[in-house]
Amino acid sequence: MRSDPADYQLLAPGDLSAVLSLLAREPGQWLPIAGGTDLMVQYASGKLPARRLVSLWNLPELRTIEVSEKEIRIGAACTYTDVRQHALTAREFPLLASAASCTGGIANQNRGTLGGNIVNASPAADSLPALLVYDCDLILVSVRGERRIPYNTFHTGYKQTLRRPDELIRAICLPRHFFGYISYSRKVGARNAQAISKVCIAALGQTANGVIEDVRIAAGSVAPVPLRLRRTEEILRGKLLDREIVQAARNSAMAETQPIDDIRSTAAYRSAVLGNLLAEFLRQLGGESVA
């Protein structure tokens with residue numbers, strides 16, 4: 001049954017300080033909404049529990065991409081289209097640009113925001129594994145000021161985060177030190193576009209003389225939260241890339257994750273596909289030595 005608009009209240013202050021003041025006066029009573037690509041699905045089906053919404057759309061403080069010598073700072077309300085069309089971001093962070101390009105269709109990419117994807121906290125979100133491997137930080141803002149936290153600490157459980165009721169994500173900060181890395185991303189879904197992933201993976205790696213100098217691997221749809229596969233990374237780092245270490249990494253990744261059976265897939269399928277994708281990345285990273 002569709003929702004009745006009369007049951008909802010929407011405010012659009014058009015100013016960040018006004019939004020933060022509202023959240024501070026009545027913490028937990030107002031739900032911030034940016035592009036609305038996730039919330040409007042719930043609204044259309046009559047399943048959106050929040051009744052008081054405050055719009056973040058077109059707040060200029062949240063829509064900029066700033067470049068400095070050490071990092072790129074992406075405003076939380078930048079859309080997927082903003083991200084994939086920003087030349088420097090696309091060049092230095094190709095995993096994020098790729099995720100932005102495969103999230104929904106063009107209409108969703110024009111409305112959906114990077115900050116909204118993070119706060120929605122779906123373990124199947126396309127952009128979150130990329131953010132994990134790039135070791136980004138989040139800047140959260142409230143009337144009390146700003147705080148900066150590592151993104152890899154943000155998700156505390158299924159649909160649970162460190163964001164306080166009176167806070168917004170202001171920006172996502174990506175360190176500019178991934179030059180020379182080989183990047184790999186894959187999304188496995190029912191179709192190529194506008195599909196929620198059954199499994200997705202983002203990975204970066206560097207080798208020297210066949211030895212893995214650094215490797216970063218993250219996956220979605222295989223645990224209650226987007227997951228960095230740190231135990232698997234430790235198995236790989238400093239090792240000669242050969243068939244044996246690929247198999248060891250595959251086994252580790254399958255043991256490190258917690259996929260489930262649901263309407264889109266089964267745990268067994270997700271686990272097997274994750275192992276196959278990791279092996280494909282390592283073959284790409286190692287070339288002939290693991291062919």
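Modeller: Here is a short tour, in that order. This is a predicted model, where local features need pLDDT of at least 70, side-chain atom pairs count only at pLDDT 80 or more, and totals for chains, interfaces and linings use all residues. Residues are numbered from 1 along each chain as its sequence is written, and side-chain values use heavy atoms, with hydrogens and water left out.

Biologist: Which of its residues are buried?

Modeller: Ile 245, Val 246, Ala 249, Arg 250, Ser 252, Ala 253 and Glu 256 are buried in α10. Buried means under 20% relative accessible area, exposed over 50%, partly exposed in between (1.4 Å probe, protein chains only).

Biologist: Why do they sit on the same side of α10?

Modeller: They cover an arc of only 165° around the axis, which puts them on the same side. The arc is that of the directions from the helix axis to the C-beta atoms. On the other side of α10, Arg 243, Glu 244 and Ala 255 are exposed.

Biologist: What covers the buried residues?

Modeller: The cover includes β14 (227–228), α9 (230–236) and α11 (267–286). Contact here means heavy atoms within 4.5 Å.

Biologist: And α1? Which residues are buried there?

Modeller: In α1 (residues 16–25), Leu 16, Val 19, Leu 20, Leu 22 and Leu 23 are buried. Their arc around the axis is only 155°, which puts them on the same side of α1. Strands supply cover for them, including β1 (9–11), β3 (52–55) and β6 (137–142).

Biologist: Switching to charges. How many salt bridges does the count come to?

Modeller: The count comes to 20 salt bridges. A salt bridge is a side-chain nitrogen of Lys or Arg within 4 Å of a carboxyl oxygen of Asp or Glu.

Biologist: What does Arg 52 form a salt bridge with?

Modeller: Glu 26, with the closest N and O atoms 3.2 Å apart. The pair links distant parts of the chain: Arg 52 is in strand β3, Glu 26 in the loop between α1 and β2, 26 residues apart. Arg 52 is partly exposed at 25% relative accessible area, and Glu 26 is partly exposed at 27%.

Biologist: What about Asp 137 and Arg 148?

Modeller: Their side chains meet in a salt bridge, 2.9 Å from N to O. Asp 137 lies in strand β6 and Arg 148 in strand β7 (residues 145–150), so the pair ties together parts 11 residues apart in sequence.

Biologist: Where does Arg 170 lie, and where its partner Glu 146?

Modeller: Arg 170 forms a salt bridge with Glu 146, closest N and O atoms 3.4 Å apart. Arg 170 lies in strand β10 and Glu 146 in strand β7, so the pair ties together parts 24 residues apart.

Key. Helices (H or I, at least four residues) and strands (E, at least two) are DSSP runs, numbered from the N terminus.
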